[in-house]
Amino acid sequence: MNGSRELILGRVRDALGDAGEAEALPPRAYRRQGTLEPAARIELLCERIGDYQAQVRRVGAAELAVAIGEAFAAEGAARVCVPGGIPPQWRPEGVELVVDAPLTLEELDGVDGVLTGCTLAIAETGTIVLSAGPAEGRRALTLVPDLHVCVVGEDQVVETVPEAMAPLAKLVRAERRPITFISGPSATSDIELSRVEGVHGPRRLIVLIVNKELQ
Amino acid sequence: MSGARGGPQPGDGAMNAAMRPFPAAAGEALRDTRLRANLAGATHTIREKRNRVVAEVPDWPQLREAGRAIKVEVLAHLDTYLEAFEQAVTDAGGHVHWAPDAAAANQVVLDVARAHQVSEIVKVKSLTTDEIGLNDALAAGGVHAIETDLAELILQLDGDWSSHILVPAIHLNRTEIRDLFRATIADPSLGDDPRELAEASRRYLRERFLTARMAVSGANFGVADSGTVCVVESEGNGRMCTTLPPVLVTILGIEKLVPTFGDLEVFLQLLPRSSTGERMNPYTSLWTGVTPGDGPQEFHVVLLDGGRTRVLADQVGRQALHCIRCSACLNVCPVYSRTGGHAYGSIYPGPIGAILTPQLYGIEAAPTLPFASSLCGACYEVCPVMIDIPSVLLHLREKAVAAGAKPGERLAMKAVSWIFGGRRRFAAAARLGRLGQRPLVRRGRIVRLPAPLAAWTRTRDLRPLSSESFRDWWERRR
Amino acid sequence: MRVALFITCIGDAVTPEVGRATVAVLERLGHEVSFPAEQTCCGQMHINSGYRAEADRLGERFMEVFDGCEVIVSPSSSCVGTMRELHPALRGRLFELSELLVHKLGVTDVGASFPHSVVYHPTCHSLRVTNVGDAPLQLLRAVAGLELVELPDARECCGFGGTFAIKNADTSTAMVIDKCAAIVSTGASVVTAVDSSCLLQIGGRLSREGAEVRTMHLAEILAHAASG
């Protein structure tokens, strides 16, 4: 094994030769900051999430629990799993919440949906980003159930991809958190490039955007 | 993968051992009218999608320039970045293996499978594992690999092989896929709506995801400074494979590194828009080593050379290693969009394949691929990391000629160059040509010429040399 | 202005009418055209076929022959683009005809008249290597009586590609068949471009199909004066 390592590194060095031709540092002339006002940024996020055939709703913090309950009820979901760290004020009436304590995969496959928060959302691409935080849970949680309801605080929304990367880099460096970008429900275009929403990941994604700081 | 279909052979990696010259393989593909229709429809659809989402990005040129520059930087100090990546993955609880060639990479996977007494694994779509012929190597070792990407599953069930980087089954239409599923994983009532077909694959794979004990994936990026691995996908099969089974092996070409986590901000913008024509693909997974209580608790990365250092050694051709496998160049290529991928005889088809395959395996292995282009430049125009494919093609043509051009061609090219070496020679040759063509000209055109020019006149008339050259006219006029 | 004409090998031996038209247009605009008699070929065919050493010799020969010429014009965008890439010293000195007229001389109306329907095929090199932009279209729009018809999938390659047309004849043919179908579908009577080589490919196929559409180089259309 060690021999292979030295072999490959040796080949690399031979290939590069003496040429330490260091180009200047990569230019970063692309946009690293958005320009939209907060209201327009949220509008953009809603529009872009909608483009992926996900449902998106804006709710006030006071109605959040009700909105969550309605979202699950409308999809016929009675038993829903949640990560251990969701805020108590999210808990809806009329839906059985199963805390991931953790659940086995079989148990996870048996629930009707999952409720989580997120780390941030990217308006321009309609993306929500999870990083296994207390209100987000481990990765399998948002993967195995067929319905994902995700709560996004308006203050968690950035406009561009570069604005999302700096905070994520910190989480990765400090805590090695796994990160998942979610842009709409799972989809495939493998057959004649015609897009079908819903393959192996959750087939339905509902994003609730809350207009007041969470927690 | 079946050798009978002319696809890659076990142990040969991406290359078909008996690879046919491109012109012959292309000629056959061009006569397949159904293939032509499938391809034309699909490539035009995706071109339009890509153009739409690229047009809405105001800083696209700056992103391309940054993407190119980051890749240049990685390659210029690849040894340093590889060591940093190894260190970071190890620190995060992962195991790093170095594979000089396909056989070594396959062996690592087999060894891990054996250590856990696993006889079946689930797999994420990965060109790199196709390149090294992993499935066949595993099968030979008694381990069955289940492809989980819809298109890869279709090909596996069909004993076929990929014809497109992103949409491997682009050459098949819905009816063909329905018939295949009816014969293999679904009952005869299955319809041909893509929604129904996707649902059939979901049902087939669900149980396998939930019970798999080991998964193998490729990766789109590896981050040197954090040890993070990134997989970009759509269906969720990638998340299933990289999250649910307790053991994960990821095979990573050594060129796939980026220096820092932040550099992903460039590629996560360039790749989805260039590739599927979406603002963002449904799922992007980023993991760093092992996370207690979340995902696989044993993680291996195999760093694969497999000819990449050979490419790196060529200062002109090196830029082929910038490729992020988006497949935009395939979709815009006037050659690929008519011949499809199988004519290229490699897991890497299209313009990028035409410069990657002959470099990975040596020009002798694929001497006709650098000529499989009209040099129209559409590939360079769309490439998100600005690989100057036409220039690399010219560079490789030079190598192909040096490695063994047909003697007749070499003689002719030298003769023509000698003729162009002096105006009197040129004028004399033109006069001779005018005389020589006389018996061939009918009503102002030539309809039949001897080989090799017969290749032109079989399908096109040729204008004869003019009875008075421009220079003769110029002299006469003075 | 004194302008040296680079006629190209094909332009000299196969399509001299394009050179004559180029001379006519430039002289009509009051420019003095010279023709360095030693010129032959730029070497593009050799580069494209993998014969770099031969191409370099021809390229150097070109530089010697045109040494001292301040402005060089050629009615072939692919030769111009290739030479400018290989010899950066030619930038600002060597121009494709439409570039020279529109970008350098600031002329769009060259006093031409051509009462026919015309489609313009933007050749790959003119689009992506020589970057002539819409200069040819600006010139065509200013031609009296000319009806400019839009070409579907205009930016698709015609399939010429130098020796590609021979080495990969089947693929090249598939490409030109689609190009010709697009041209014929417009009902235009003339197809024009700024590369004679591509027009040989397109014209050769149109002729084989017995199509009524004629190929004409842009210079020929521009040379059509109001009187004739």
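1. In this predicted model, the interface of chains A and B brings 96 residues of chain B into contact with 71 residues of chain A. Two pairs of chains touch, and the pair formed by chains A and B has the most contacts. Chain A and chain C, by contrast, do not touch, and their nearest C-alpha atoms are 20 Å apart.

2. The area buried between chain B and chain A comes to about 7,400 Å², with carbon and sulfur atoms giving 57% of that figure. Charged pairs also occur across this interface, where the count is 17 salt bridges between the two chains, B and A. A:Arg13 and B:Glu83 provide a salt bridge that can be inspected directly, their side chains meeting at 3.4 Å, taken from N to O.

3. Sorted by class, the lining of the largest cavity holds 14 nonpolar residues, together with eleven polar and ten charged ones.

4. For chain B, the domain assignment gives domain 1 as residues 3-308 and domain 2 as residues 422-477. The C-alpha centres of these two domains of chain B, domain 1 and domain 2, lie 52 Å apart.

5. Chain C is likewise assigned a domain 1, covering residues 2-104, and a domain 2, covering residues 117-223. In chain C the centres of domain 1 and domain 2, taken over C-alpha atoms, are separated by 20 Å. Between them, 29 residues of domain 1 of chain C are in contact with 22 residues of domain 2 of chain C.

6. The area buried between domain 1 and domain 2 of chain C is about 1,900 Å², and carbon and sulfur atoms give 65% of this area. C:Ser77, C:Ser98 and C:Val102 supply 22% of the area that domain 1 of chain C buries against domain 2 of chain C, which is more than any other three residues supply. How many salt bridges does the rule find across the interface of domain 1 and domain 2 of chain C? The number found across that interface of chain C is zero.

Technical notes
Residues numbered from 1 in each chain as written. Chains lettered and ligands numbered in written order. Predicted model: local features only at pLDDT ≥ 70, side-chain atom pairs only at ≥ 80, totals over all residues. Heavy atoms only, no water. Nonpolar A, V, L, I, M, F, W, Y, C, P; charged D, E, K, R; others polar. Domains from an automatic or database assignment. Contact = heavy atoms within 4.5 Å. Buried area = accessible area lost by both parts, 1.4 Å probe. Salt bridge = Lys/Arg side-chain N within 4 Å of Asp/Glu carboxyl O.
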